Amino acid sequence: MIDATTRISQEVAWAMRAAIDESDGSEVLFVCNTNDDLIVTSAKVVARGAPDMVAAPLEHIRRGQIAIHNHPSGVLQPSAADVSVAAELADSGVGSYIVNNDVTELIVVCEPFEAEELERLDVTSLSGLIDSGGALSEEMPDFEPRESQIEMLERVASAFNDDQLLAVEAGTGVGKSYAYLIPAIAWAAANNERVVISTATINLQQQLVEKDIPAVQRLLDVDVPVMLVKGRGNYLCRKRLGELEEESALFEEESADPDLDALREWATVTQTGSRSEVPFAVPEELWSSVNSDPDSCTDVRCRLRDDCFFLKARREATAAKVLVANHHLLFIDLALRVRGIGFDMRAILPPFQRLIFDEAHSIENSATSLFSESFSRFAVQKHSRRLRHVRRGRALGLLSSVRRRGANAEYVVRATEELQRVDEASEALNAAVLEATGSQTFRLTPEPISQTIESILSPVSELHKRLVLLANTIKDLLEDDDGEEAGPYYDLRITLRRMEALIGLCDTFVDFRNHSDRVFWIEVRKNSQGHTYARLISSPLDIRQVMREAVYDVFPTAVFTSATLTVADSFAYWNGRIGLDQADREAVEVTLPSPFPYHERALVALPSDAPEPSNPSYSEFLIHFLRDLLLTSEGHALVLFTSYEMLRSMHGALREILAENGIAALRQGDDDRARLLRNFADDTTSVLFATESFWQGVDVPGESLQVVVLCRLPFRVPTDPILVARTEAIERRGGNAFSELSLPEAVMKFRQGFGRLMRRGTDRGVVVVTDVRVLTKRYGGAFLDSLPATQRSAREATGVIEDIERFLYP
C-alpha cells in the first residue's frame with residue numbers, strides 16, 4: 001500500500017473522491033491518463049457498481065491508460081476478480097490501481113505502461129540474410145539469392161519502419177513468406193508490438209507455423225513466441241461435455257453412444273482440447289453439442305474456467321508476439337472491434353499493432369462474409385433448445401432449471417408456450433421461404449414490390465413478433481434473478497441477449513428497403529441430415545468503408561501480398577474493391593514477377609474446336625477430350641470446374657475408364673480437403689476433380705501435378721445476389737459492370753487456377769483451357785494476357801493432345 005499522492009495529482013484525487021462520495025458506498029471505475037512521469041492527470045468515471053463489484057467496460061479503456069477503482073470497505077487487497085480483470089487489461093497495455101474512498105491510499109495491481117520508443121529495423125542487415133553469403137545460404141547448400149525476394153523484404157521492412165500501407169504482388173517462386181516473415185519477426189523481437197499474419201488457407205498457416213517461422217527464427221537467432229490461432233469452435237468445452245453426459249445419464253436404458261464415450265475418454269488425456277488432435281472422426285452433430293460456443297459460455301463465472309481449453313489457448317495467444325490466423329477469424333475480430341470493443345482491448349485476438357495479409361486477393365470475399373449477418377430456423381432452434389427441450393417425456397433446459405430454483409411458475413408456463421410459438425413461426429418461415437423462392441437463391445429488391453418478397457417478409461415479421469413476446473416473458477422471469485454470477489439465471493441472461501440480437505436482425509430484414517448499404521438475400525442449404533433449409537442473410541454492399549475503419553485508419557503498418565493482385569498490370573481493380581485507393585495514406589504498390597522459367601517449362605493448350613460451355617454439346621466434347629488428355633498424361637492432373645454439377649458429371653463419366661488404366665479419379669467432397677490433397681500428392685498418377693476452393697491454395701509440386709485443366713472461365717454465377725447488387729450499383733453511377741467487376745474478378749481467379757501448375761522452379765507441365773471463349777471473345781485476351789510468357793498450342797483438340805504429349809514426353 002502506498003501514498004496515493006505519489007501517483008495521482010491532488011486535483012484529480014479531489015475529483016475522484018467527490019465521484020466516490022456520490023456513489024453512496026459503491027465501487028466506481030475510473031479510466032485515467034498520465035503524464036510523462038506516470039502521474040495521473042485526468043480521471044473519467046466509466047462505471048458505477050455495488051459495494052463489492054463494478055463492471056469493467058473494456059471498450060472505454062485504451063492502451064497506456066490506468067483503470068482505477070475503489071474498495072468501499074477500505075481493504076485494498078485485490079480479489080480474484082480484480083486480478084483476473086487486471087491481467088486482461090495488462091494484455092492490452094493498461095495498468096490497474098485500487099484506492100480507498102478518500103483516495104489517499106492505493107495498491108498497484110498492475111503497473112502502468114510507459115510509452116516505448118520503437119527500434120527501427122536494419123534493412124541492409126536483414127536483406128543480407130537472404131543474399132549471397134548470408135545466413136540462409138549456410139543452411140541451404142543449393143541456395144541461390146532471388147533479387148525479387150530481397151526487394152520484397154526491403155519493402156516490407158520499410159513498411160514497418162515508416163508506418164506504410166504496402167501492396168506486393170509476388171509471383172510464384174519469389175519466396176514471399178520469408179520476405180515478410182523476416183521483418184515481421186525481427187520487429188516483434190525488437191519492439192513491444194504484436195504482429196498478426198493472416199492467410200486464407202489452413203495449408204499456408206500450417207506451413208508458416210511448422211516450417212517457415214522456425215527457420216526464420218534460426219536465421220535471426222531469436223525466440224519470439226508464435227501461435228497459430230483457431231476459432232473457439234475448434235475447442236472442446238468441458239462444461240458442455242459434462243452437461244451432455246448428465247443429460248445422457250438420465251436415460252440409462254438407452255444404448256450408449258460410443259462416440260460420446262470415446263470423446264469423454266479423450267477429454268481426460270488431451271492437453272489442448274483441439275478438434276484437429278482428436279484421434280478419431282467426431283460426428284459434426286456431436287461436436288457441435290460439446291465445442292466451445294459463445295452462446296453457451298459463462299466466461300469468468302464458469303466453474304471450470306481454470307481448465308478451459310479455449311481460455312488456455314487465449315492465454316497462449318496473449319503471450320505470443322506473432323499470431324498466425326485465417327482471414328475468417330481476423331475479420332470476426334475486426335468486426336467486434338469496429339462495433340465497440342475498440343482496438344486496444346482483446347476481442348477474439350489480443351490487441352495487435354501490425355498486420356500482414358497473405359493471400360490478400362481473397363480479402364473482399366472474406367470481409368463480405370464476416371461482416372454479413374444471418375439466421376435460419378436452426379439458429380432459432382439453437383436458442384429454443386437451450387431454453388427447453390424434451391427427451392423421453394422429460395423437460396430439460398434453462399426454463400426447467402430456473403423453475404427448480406423457485407422461478408414464478410406462471411412465467412415459466414407462459415415462456416414455454418411462447419417458445420412453442422417461436423418454433424412454429426421459425427418452421428413456418430422456413431417453409432414459406434422455400435415455397436416462395438422455389439428452394440433457390442433469392443435476393444430481396446426494393447423495387448418493384450413483389451408478391452414473393454411480401455410472402456417472405458410476412459412470416460419474418462411474425463417470427464419477430466413471437467421472439468419479442470418470448471423475450472419479454474424471459475425478462476419477467478429474470479425479475480426473480482438474484483444476480484448470481486453462475487447458474488441458470490446467468491445463462492438465461494446470456495440467452496436473452498442472443499435473442500435480442502436475433503430480434504434486431506429480423507427487424508432489419510422487415511425494414512430492408514431502408515438499408516441500401518446492405519444486400520438482403522436468401523440461400524438454400526442442406527444440413528448434415530439432408531434437410532433443406534433457408535438461410536436469410538444481410539451482407540455489406542461493399543467493404544471499402546469497413547476496411548478503412550477496421551484496417552487503414554488503425555494499424556500503422558498493413559502489408560498485403562499475393563501472387564495475384566493485378567489485372568492488366570494494374571492494382572486498380574483490387575485496390576478499388578477493398579477501398580485501399582481511398583485510404584488517407586497512399587499505399588505503396590510493388591509488382592515482383594515470378595522467377596520461374598515458364599517459357600521453357602509450361603505449355604498453355606487451347607483446343608480451338610471446343611463448343612462454348614453454354615452449348616449442349618460441350619459436355620460430350622469435354623468427356624472425350626478429358627479422356628484422351630488424361631490417358632495421354634497418365635493422370636498427374638488437377639481438373640478444375642466452376643460448378644459441382646459438371647464436376648460430378650465428368651467424374652462419373654470418366655472414373656471407370658481411368659480406373660481401368662490404373663488412374664485413381666479423386667473427387668472433391670469424397671473426403672476432407674487436407675486428406676484429399678494428401679492422397680492426390682501421394683498417388684502420383686491420380687487425377688483430382690475439384691471446384692471453387694481448389695482454384696487456390698493447392699500446393700502440390702513435382703510429378704503428382706503435371707496437368708491443370710480449367711474447364712470454364714471462372715466468371716461468378718450471374719445470379720449471385722451480392723454480384724447482382726454490386727453490378728446494379730456500378731451501373732447506377734454510369735459504370736460498366738462487366739469491365740469493372742465481372743471480368744477482372746474472373747481474370748484474378750483464372751490466374752489463381754493457372755498458378756496451381758508450377759510450385760517449384762523445376763516443375764514442368766501443361767495448363768489446358770477448354771473454354772473456347774479465350775480465343776473467340778474479345779475479352780478472351782484479358783485472360784491470356786494475364787499469364788506469364790509460356791509455350792502455347794491453339795488448334796483442334798486432336799492436335800492439342802499431340803502437342804501435349806510431345807511436351808510432356810520430349
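This is a predicted model: local features need pLDDT of at least 70, side-chain atom pairs count only at pLDDT 80 or more; totals for chains, interfaces and linings use all residues.

Residues are numbered from 1 along each chain as its sequence is written, and side-chain values use heavy atoms, with hydrogens and water left out.

Let me begin with helix α12, residues 327-341, where helices are DSSP runs of H or I with at least four residues, strands are runs of E with at least two, and numbering goes from the N terminus. Its buried residues include L330, L334 and R337, buried being under 20% relative accessible area with a 1.4 Å probe and protein chains only. Among the elements covering them are β10 (322-326) and α19 (544-552), and after the helix comes G342, whose phi is positive, near 90°.

Turning to the cores, a nonpolar core is a set of buried Ala, Val, Leu, Ile, Met, Phe, Trp, Tyr and Cys residues joined through side-chain atoms within 4.5 Å. The largest one has 99 residues, and I363, V551, F560 and W574 have the most contacts inside it. Helix α26 (residues 737-754) gives the largest share of this core, eight residues.

Lastly, seven strands form an open sheet in the order β22-β23-β21-β24-β25-β20-β26, with parallel pairing, and two strands pair if DSSP finds at least two bridges between them. Because β22 (665-667) and β26 (791-795) each have a single partner strand at the edges, one side of each is left without a neighbour in the sheet.

Note on methods: Buried means under 20% relative accessible area, exposed over 50%, partly exposed in between (1.4 Å probe, protein chains only). Contact means heavy atoms within 4.5 Å.
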